Amino acid sequence: MYNKSTKKIIHVIIIIVIIFAVFCVAGVLALKYQVEGEANLPFEITKISIIESVEGIENSGHEERWNFNVNQNNDIYIYIEKNSGYGKTEIIDEITIDNILINKTNNRGESKIYKPVEDEKTMFKNLEENEITEITYKGELESNIKQQKISNQGGIVVFRYAINNISEYVSNENEEIDYSKLLQLTNVSQEDLQTKLTFNITIKLTTGRKYQATIELDIPTDEIIEKGTVGEEMTNLDNIVFKRIEN
């Protein structure tokens, strides 16, 4: 009787230990996934480039020699390539950038997000009809950034973060003006521009699977005030973690 009871208790303890171990392993794997995300993605972000620039928009009906509203623009290019180590062919259905959050140091200027435009001379125009809260690039045989199309085997998605009317330049003095110096000439500081831009990027495949990551960018660089145009490339992207959100 005693032996039977003892054996039963031991069996119960063993079962409890096994269940506890299973839950521990599952918890560790879940935590690892939350930190590291998908280990082998069909497509991956290989580079993010940011082109920072300054432009002056001339005001109409002025009498001064120079009368500009000053914008500071940040064109964000995200490079997506096929993962050669994935092992099989997948096809991009669409790539979406949404949930865009703008955390700016102060309220000077007007923060806007823009899509590319179909214009031969320029990639972006800071106009109301081009404002967006999200943007989707459809997977096609060939990429066409201006039409928001990306090759279904990888390409580039682009959008603009702009601070419009950050300052105003009015003058009758100079015969010529260096547009790259407009921030300096209007006493704009780095603090006036500094922004943490956060957004989600979702890669949807034709199989219906979706992978999503959150990207954070600190822009612009402090060189923009002095130089007027700055190019920045980021290739160390270990902090971008994709997770599968649909199977």
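Is Glu233 buried or exposed? I found that Glu233 counts as exposed, because its relative accessibility is 55%. I use buried for under 20% relative accessible area, exposed for over 50% and partly exposed for what falls in between, with a 1.4 Å probe and protein chains only.

Before going on, I note that this is a predicted model, in which local features need pLDDT of at least 70 and side-chain atom pairs count only at pLDDT 80 or more, while totals for chains, interfaces and linings use all residues. Residues are numbered from 1 along each chain as its sequence is written, and side-chain values use heavy atoms, with hydrogens and water left out.

**Entry 1, salt bridges.** I next looked up the partner of Glu233, and it is Lys47, with which Glu233 forms a salt bridge whose closest N and O atoms are 3.4 Å apart. This pair links distant parts of the chain, since Glu233 belongs to strand S10 (residues 229-234) and Lys47 to strand S1 (residues 43-58), 186 residues apart. Helices (H or I, at least four residues) and strands (E, at least two) are taken here as DSSP runs, numbered from the N terminus. A salt bridge means a side-chain nitrogen of Lys or Arg within 4 Å of a carboxyl oxygen of Asp or Glu. Side chains of opposite charge can pair when their charged atoms come close.

I then turned to Glu216 and Lys196, whose side chains meet in a salt bridge at 4.0 Å, N to O. Here too distant parts of the chain are linked, with Glu216 in strand S9 (residues 210-219) and Lys196 in strand S8 (residues 195-205), 20 residues apart. Glu216 counts as partly exposed because its relative accessibility is 49%, and Lys196, at 30%, also counts as partly exposed.

A further salt bridge is the one between Lys227 and Glu223, at 3.6 Å from N to O. Lys227 counts as partly exposed at 48% relative accessibility, and Glu223 is partly exposed with a relative accessible area of 36%. I also noted a network, in which salt bridges that share partners join Lys196, Glu216 and Asp218. Searching the whole structure gives 11 salt bridges.

Is Val158 buried or exposed? Val158 is buried, because its relative accessible area is 0%, and I located this residue in strand S7 (residues 154-171). Which residues does Val158 contact, leaving aside its neighbours within four places in sequence? I listed Ile76, Tyr77, Pro116, Phe124, Ile135, Tyr137 and Ile145, where contact means heavy atoms within 4.5 Å. I also looked up Ile97, which is 61 residues from Val158 along the chain, and the C-alpha atoms of the two are separated by 9.5 Å.

I checked the peptide bond from Ile219 to Pro220 and found it cis, with omega near -10 degrees. Pro220 lies in the loop between S9 and helix H4 (224-227).

Asn99 is not a glycine, yet it has a positive phi of about 50 degrees. I placed Asn99 in strand S3 (residues 92-104), and it counts as partly exposed because its relative accessibility is 46%. Gln148, also not a glycine, has a positive phi of about 55 degrees. Gln148 lies in the loop between strand S5 (135-140) and strand S6 (149-151), and it is buried because its relative accessible area is 15%.

I followed S3 to its partners, counting two strands as paired if DSSP finds at least two bridges between them. S3 and S8 pair in the antiparallel sense over 10 bridges, and Ile95 stands opposite Ile203 in S8. S3 and S5 also run antiparallel, joined by four bridges, and the bridge partner of Thr96 in S5 is Thr136.

I recorded four helices and 11 strands in the protein chain. Of its 247 residues, 40% count as buried. Among contacts in the protein chain with a separation of 6 or more, 73% come from residues 24 or more positions apart.
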